[in-house]
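This report treats selected local features of one protein model. The sequence and structure are shown first, and the discussion follows.

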Amino acid sequence: MPHRGRPRTLAYYLPQFHAIPENDAWWGEGFTEWTNVRRAEAQFEGHDQPRVPKGLGYYSLTDPSAVMTSQAKSAKESGVDGFCFYAYWFDGQRLLEGPLDWYQSKGPDFPFCVSWANESWTRRWDGKDHEVLMPQTYAEGFAAELFADFLPYFQHPSYVRVGDKPVFVVHRVDQIPNAESVAREWQSLAIQAGLTGLHLVAAETKWGIDPTSYGFDAVAEFPPVGSNTLASAWRAPLKQVGQNFTGRLLSYKRLSQRFMHRRASEFVRYRGVAPGWDNTARRSTNATIYVGSNPETYRRWLSHARRSEQLDRGEEGLVFINAWNEWAEGAYLEPDSTWGDEYALATRWEAVATASDRRPVPHGRWDRPQLRSLAQLALGSVLSVLRIVRAKMIRL
């Protein structure tokens, strides 16, 4: 392999670790992400729930200075090159903006960028329209207003750039009406503001996104999106699965293999990696659980993603980790009571192999909840094929 610079590794950062009036009204006084995390219950024997944080513990971002400074230091020591902060903007109204605004004005000298989390807020925690709490309407003039609000971030000296263009991630580009026109407007506004443009990245929150069809420069993989199918199913019977469980049981190892073996694209597609996925804290008995996640399988997946980006784009490459602190979705690098700091250690470029992938998952007998999970995943596979066929027919 010819010598090329290392790609940068960015970890998504969730700011929902402090109370805000809106969440108080919708979910109860004092609600934060930890509210969900604490009340999670195991769904089968050996299920790693509830998750218990170590290190900073159940931290609060009400006063972010000490916490975020420590997180940036830990991230840098772990081989993470920057945070990608979720930013919540609804036709001019911001939510959970405090930690990001503090970081932009007073934060540590650690790179960051922004992902506009442009889904409506609903009671289902999945962005689908079901009892909408905060709608995303894309009112006339929203593109210019959003750009003006985010411009101070783009101008920050520590903001992540590709070439000399600030990286701007959009979580659900497929939901933006006339996205190509919006992308052109953002680029024009960026040049008018003295920037050379924006490096627009669509998060692959819908499988198979072609960023060029939206006027974007790249797409970033967003695992486990695209893998909730029969091919990724957990194929051994688990022990004592709760009879009320109606969710999906999948294999973390198969998830990693699906992304590592993915075919190359004709457009820029940055690699994405997830240290795990288990949203029991949010979805309870209807959770999607990737069984068998461990630091060693994660290390191999991340190493593959980094090598691939290095070959394709060198120091201009990006690898996105989902995520630094998505505790309620079981996707985080921060230390916990189960693995300690092993995920952080596995994120380092010089990380070595461990035996953590050999920790057994208790086996039991096939039962109704597991068979129901397989049926759901089989249906998901059929729908995935139909979507691919439909997309090809539209292109024709």
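Serine 232 is buried in this predicted model, because its relative accessible area is 1%, under the 20% limit for that class. The residue is placed in the loop between β10 and β11. From there, the side chain of serine 232 reaches the backbone oxygen of serine 227 at 3.1 Å. Leaving aside residues up to four places away in sequence, serine 232 touches Ser227, Leu250, Ser251, Arg254 and Arg258.

**Backbone geometry**

The loop between β10 (218–220) and β11 (248–251) also contains proline 224. The peptide bond that joins proline 223 to proline 224 is cis, with omega near 15°. A cis bond also leads from asparagine 322 to alanine 323, and its omega is near 20°. Alanine 323 belongs to the loop between β14 (318–321) and β15 (325–326).

Positive phi values are found at leucine 96 and at serine 284; neither residue is a glycine. Most residues other than glycine have a negative phi, and most peptide bonds are trans. The backbone features are set out below.

| Site | Feature | Value |
|---|---|---|
| Proline 223 to proline 224 | cis peptide bond, omega | near 15° |
| Asparagine 322 to alanine 323 | cis peptide bond, omega | near 20° |
| Leucine 96 | positive phi | about 60° |
| Serine 284 | positive phi | near 55° |

Are leucine 96 and serine 284 buried or partly exposed? Leucine 96, in the loop between β3 (93–95) and α4 (98–106), counts as buried because its relative accessibility is 4%. Serine 284, in the loop between α8 (280–283) and β13 (288–291), has a relative accessible area of 39% and is therefore partly exposed. The value for serine 284 falls between the 20% and 50% limits.

**Aromatic rings and charges**

A search of the whole structure gives 40 aromatic pairs. Rings also take part in arrangements with charged side chains. Which ring lies under the charged end of arginine 123? The ring is that of tryptophan 27, and the charged end sits 5.0 Å from its centre. Arginine 359 lies over the face of tryptophan 339, at 3.9 Å from the ring centre.

Definitions and conventions. Residues numbered from 1 in each chain as written. Predicted model: local features only at pLDDT ≥ 70, side-chain atom pairs only at ≥ 80, totals over all residues. Heavy atoms only, no water. Phe/Tyr/Trp six-rings, centres within 6.5 Å; stacked < 30°, edge-to-face > 60°. Lys NZ or Arg CZ within 6 Å of the ring centre and 35° of its normal. Helix = DSSP H or I, 4+ residues; strand = E, 2+ residues; numbered from the N terminus. Buried < 20%, exposed > 50% of the residue type's maximum accessible area, 1.4 Å probe, protein only. Polar contact = N/O pair within 3.5 Å; in protein donor to acceptor, adjacent residues only side chain to side chain. Contact = heavy atoms within 4.5 Å.
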